[in-house]
Amino acid sequence: ERNCWPSNTMWKRILTAASISACIGASAATLLAEEASYQGRSPAQVSPVAVLREAGNKVSFLVRDGDQVGVVAVSRPPLSLLDALNALKRHDWEPELENDIYGKYETSDGSFAAETIFPANSRHISKAQSRPTTCLLETANTYENATLPYLVQAEQRSKTRWVDNIVNGEAEVDRVVEKGKDWAIVKDMKGDSLPYVLALFRDESLRSIRDLRGNHVELLKEVRDKGVAAIKREYGVSAEYLRVFVHYVPSYFRFHIHFTHSDHPIAEKSAGRAILLDEVISHLERDSDHYKNADLVCCIPDNHSFVKVFKEFQQSQSRNES
C-alpha cells in the first residue's frame, strides 16, 4: 500500500478526486455508505490520507480505517496544518454528539474541535474539497428530465437517517431547541457563539424547494416563527439579526431551513445558493406552483457529479433542436 500523504513541499496542495482515488484505492473511494456499518469514528480512531482543504481555522482531511474512508475537519483558531495533523494523533477526543455517520468531538482541554463523517462516500469527499463553483440555470424541463432522475438514483446511495433520528427524538435530543409533530429545530454542528440552527422535516417527499407548493405555506410560517422565537430564547438574538433561508441546490436532498446570525460565516458564503424563506413564502402565496415551474440558479462545485449530468442533458437538448 503506497504512502500518499503529501510531503513537506506539498502541504498546500489540494488533491483532486483522481489523486485521492489513486491514494486510497478505487474500491475505498467509491464505497457506498449504505453498504458500510454506521458506527462513526472519533478522530483518534482514523489515519489521515490526504489534505482536502485548508480554510481559515479549519483543516479537512481524508481519513481511513481499514477499507473504509471518511472526512475529519479539525478546527480551533489559530490553526496550522501541522497543528491539525498533530491533533489527530491525540487520544483525548471526547464526543459532543454522535448521530449515524456524523460526529462532533473536542479534546479534553478544549484546544481542538473536530467534525467527522464516517464512513464517507464520494459526495461527502467532494463537498469537503476546495473547488471552484460553477453556476447553472436549471429550468423546469431540466429538473424533470435531468435533475430529478439524478436525485432518485442518488437517494439510493445517500442516506438521511440522521434526519429521521433527530425528528423522531432518537438522537441529539439535548440539541433540539423546538419541536413539532412533523419537524424539529436543532442546533447545527457549525454553531458556536453565534446561533446556527436547522429546521428538519419528517416528510421524505420534500427533497428541496422544488417540492414546495402553496399548501406548505402555513407549515413554513409556523416553523419560521417557532425558530425565530427559539433563537431569541436560547441566544438572546432578535429576528432582525437573523438570516432564515434555504439552499438550492442543497447539500443533501431532504428539505431543511437554515437559521443563522447575519454575521455567521455561513451567511456570507451562501451567495448564489441561499433563498430567503420569506421570499419562498411570498412566491408560494402568489403562485402555488412557483417552484415547480421556476428557472432556478444552481451554484455547485465544478467537480460535483451533477455538473456532468446537467451538461450532457443540455447537449442532448441542443442536438434535438438542431
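Colleague: Where is Met189 found in this model?
Modeller: In this predicted model, Met189 is found in the loop that joins strand E9 (183–187) to strand E10 (196–201).

Colleague: Which residues is Met189 in contact with, leaving aside neighbours within four places in sequence?
Modeller: Beyond those neighbours, Met189 is in contact with Leu97, Tyr102, Gly103, Lys104, Glu115 and Arg175. Leu97 is 92 residues away in sequence, yet the two C-alpha atoms are 8.7 Å apart in space.

Colleague: Glu115 is on that list. Which residue forms a salt bridge with Glu115?
Modeller: Lys58 does, with the closest N and O atoms 3.9 Å apart.

Colleague: Is Glu115 buried or exposed?
Modeller: Glu115 counts as buried because its relative accessibility is 19%, under the 20% cut-off. Lys58 has 25% relative accessibility and therefore counts as partly exposed.

Colleague: How many salt bridges does a search of the whole structure find?
Modeller: The search finds 15 salt bridges. One of them joins the side chains of Asp164 and Arg254, at 2.7 Å from N to O. Asp164 is in helix H6 (residues 161–167), while Arg254 is in the loop between strand E11 (242–247) and strand E12 (256–261), so this pair ties together parts 90 residues apart in sequence. Arg254 is buried, with a relative accessible area of 2%. There is also a network of salt bridges that links Arg90, Asp92 and Asp109.

Colleague: Changing topic, how many disulfides does the search find?
Modeller: It finds 1 disulfide. A disulfide is a covalent bond between the sulfur atoms of two cysteines. Here the bond is formed by Cys135 and Cys299, whose sulfur atoms are 2.2 Å apart. Cys135 belongs to strand E7 (residues 133–138) and Cys299 to strand E14 (residues 296–301), so the pair links distant parts of the chain, 164 residues apart.

Colleague: Which hand does the disulfide of Cys135 and Cys299 have, and why?
Modeller: The disulfide is right-handed because the torsion about its S-S bond is about 105°.

Colleague: Then why is Cys298 too far for a bond?
Modeller: The closest cysteine sulfur to that of Cys298 is in Cys299, and it is 7.8 Å away; a disulfide requires sulfur atoms within 2.5 Å. Cys298 is buried, with a relative accessible area of 0%, and Cys299 is buried at 7%.

Colleague: What is the mean pLDDT of the chain?
Modeller: The mean pLDDT is 82, and 83% of the residues reach 70 or more. Over residues 1–19, however, the pLDDT is below 50, although this stretch has 33 contacts in the model beyond near neighbours in sequence. The pLDDT also stays under 50 over residues 23–37.

Conventions. Residues numbered from 1 in each chain as written. Predicted model: local features only at pLDDT ≥ 70, side-chain atom pairs only at ≥ 80, totals over all residues. Heavy atoms only, no water. Helix = DSSP H or I, 4+ residues; strand = E, 2+ residues; numbered from the N terminus. Contact = heavy atoms within 4.5 Å. pLDDT = per-residue confidence, 0-100. Buried < 20%, exposed > 50% of the residue type's maximum accessible area, 1.4 Å probe, protein only. Salt bridge = Lys/Arg side-chain N within 4 Å of Asp/Glu carboxyl O.
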